[in-house]
Amino acid sequence: MASYKLYYGNARGFGELPRYIFALAQQEFEDNRFGDGDDLLKWVDYKPTAPYGRMPFLEIDGEDLDRLKADGIIDCIHKDIMPKFLQYFYEKDEERKAAIKKEIFENAIEFYKKLEEQVSGENTFLKSGLSWADRPVTEF
């Protein structure tokens with residue numbers, strides 16, 4: 001039987017849906033939440049090893065599955081990168097626009113370093129070849 005580990009902050013958010021699904025399916029899983037105080041300090045230490053340095057994420061049998069990897073890449077792009085690009089393109093105030101641009105480039109370097117670590121095929125994220133995660137990444 002597969003073992004599942006869910007990692008997320010100790011608050012309602014994107015990790016809530018997987019928790020509900022596990023509960024409804026009566027599927028046992030390890031609920032690893034990072035909260036306030038010492039727990040938050042644990043997340044600061046754990047973050048560099050987390051996929052893309054972000055939460056939530058799910059481990060299945062301790063392995064990084066290709067489907068989950070592709071989904072994680074797309075998720076990061078849609079939740080973390082695209083909103084900032086849209087904010088930049090629609091911002092009218094030039095000072096604010098410059099600040100957003102700086103933030104985008106500072107975060108993008110770290111994000112792309114994390115993505116580069118995920119390449120497992122020949123210039124693709126998945127060993128099996130091109131996936132839906134490869135396409136949007138090339139847009140940026």
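In strand E2, the bridge partner of Tyr 7 is Asn 32. Around this pair, strand E1 (residues 4-9) and strand E2 (residues 30-34) run parallel to each other over five bridges. The model described here is predicted.

**Overall layout**

The protein chain contains five helices and three strands. Their order along the sequence gives the pattern β-α-β-α-β-α-α-α. The chain has 140 residues, of which 30% count as buried. Its exposed surface comes to about 9700 Å², and 54% of this is supplied by carbon and sulfur atoms. When contacts between residues at least 6 apart in sequence are considered, 57% of them join residues at least 24 apart.

**Strand pairing**

Strand E1 has a partner in E2, to which it is paired in the parallel sense, and another in strand E3 (residues 57-60), to which it is paired in the antiparallel sense over four bridges. On the E3 side, Tyr 4 has Ile 60 as its bridge partner. On the E2 side, Lys 5 stands opposite Glu 30.

Leu 6 is also part of strand E1. With a relative accessible area of 2%, Leu 6 is buried, because the limit for that class is under 20%. Beyond residues up to four places away in sequence, Leu 6 touches Gly 15, Pro 18, Arg 19, Phe 29, Glu 30, Asp 31, Asn 32, Phe 57 and Leu 58. One of these, Glu 30, is 24 residues from Leu 6 along the chain, yet the C-alpha atoms of the two are separated by 6.1 Å.

Arg 19 lies in helix H1 (residues 16-24). Its relative accessibility is 5%, so Arg 19 counts as buried. Glu 16 is buried as well. Apart from neighbours within four places in sequence, the residues in contact with Arg 19 are Leu 6, Tyr 8, Gly 9, Ala 11, Phe 29, Asp 31 and Arg 33.

The side chain of Arg 19 makes a polar contact of 2.8 Å with the side chain of Glu 16. This pair also qualifies as a salt bridge, with an N to O distance of 2.8 Å. Both residues belong to helix H1 and are three residues apart, about one turn of the helix.

Arg 19 forms a further salt bridge with Asp 31, where the closest N and O atoms are 3.2 Å apart. Here distant parts of the chain are linked: Arg 19 sits in helix H1 and Asp 31 in strand E2, twelve residues away. Asp 31 counts as partly exposed because its relative accessibility is 30%, whereas Arg 19, at 5%, is buried.

**Salt bridges**

The count of salt bridges comes to five.

| Pair | N to O distance |
|---|---|
| Arg 19 and Glu 16 | 2.8 Å |
| Arg 19 and Asp 31 | 3.2 Å |
| Glu 106 and Lys 102 | 3.4 Å |

The side chains of Glu 106 and Lys 102 meet at 3.4 Å, N to O. These two residues are four residues apart in helix H4 (residues 94-118), so about one helical turn separates them. Lys 102 has a relative accessible area of 53% and is therefore exposed. Elsewhere, salt bridges that share partners join Glu 16, Arg 19, Asp 31 and Arg 33 into one network.

**The loop between H1 and E2**

Gln 26 is found in the loop between H1 and E2. Its phi is near 55 degrees, a positive value in a residue other than glycine. Most residues other than glycine have a negative phi. Gln 26 is exposed, because its relative accessible area is 74%.

Methods:
Residues are numbered from 1 along each chain as its sequence is written. This is a predicted model: local features need pLDDT of at least 70, side-chain atom pairs count only at pLDDT 80 or more; totals for chains, interfaces and linings use all residues. Side-chain values use heavy atoms; hydrogens and water are left out. Buried means under 20% relative accessible area, exposed over 50%, partly exposed in between (1.4 Å probe, protein chains only). A polar contact is a pair of N or O atoms within 3.5 Å; within protein, one must be able to donate a hydrogen and the other to accept it, and residues adjacent in sequence count only if both atoms are side-chain atoms. Contact means heavy atoms within 4.5 Å. Two strands pair if DSSP finds at least two bridges between them. A salt bridge is a side-chain nitrogen of Lys or Arg within 4 Å of a carboxyl oxygen of Asp or Glu. Accessible areas come from the Shrake-Rupley method with a 1.4 Å probe; for residues, only the protein chains shown count as cover.
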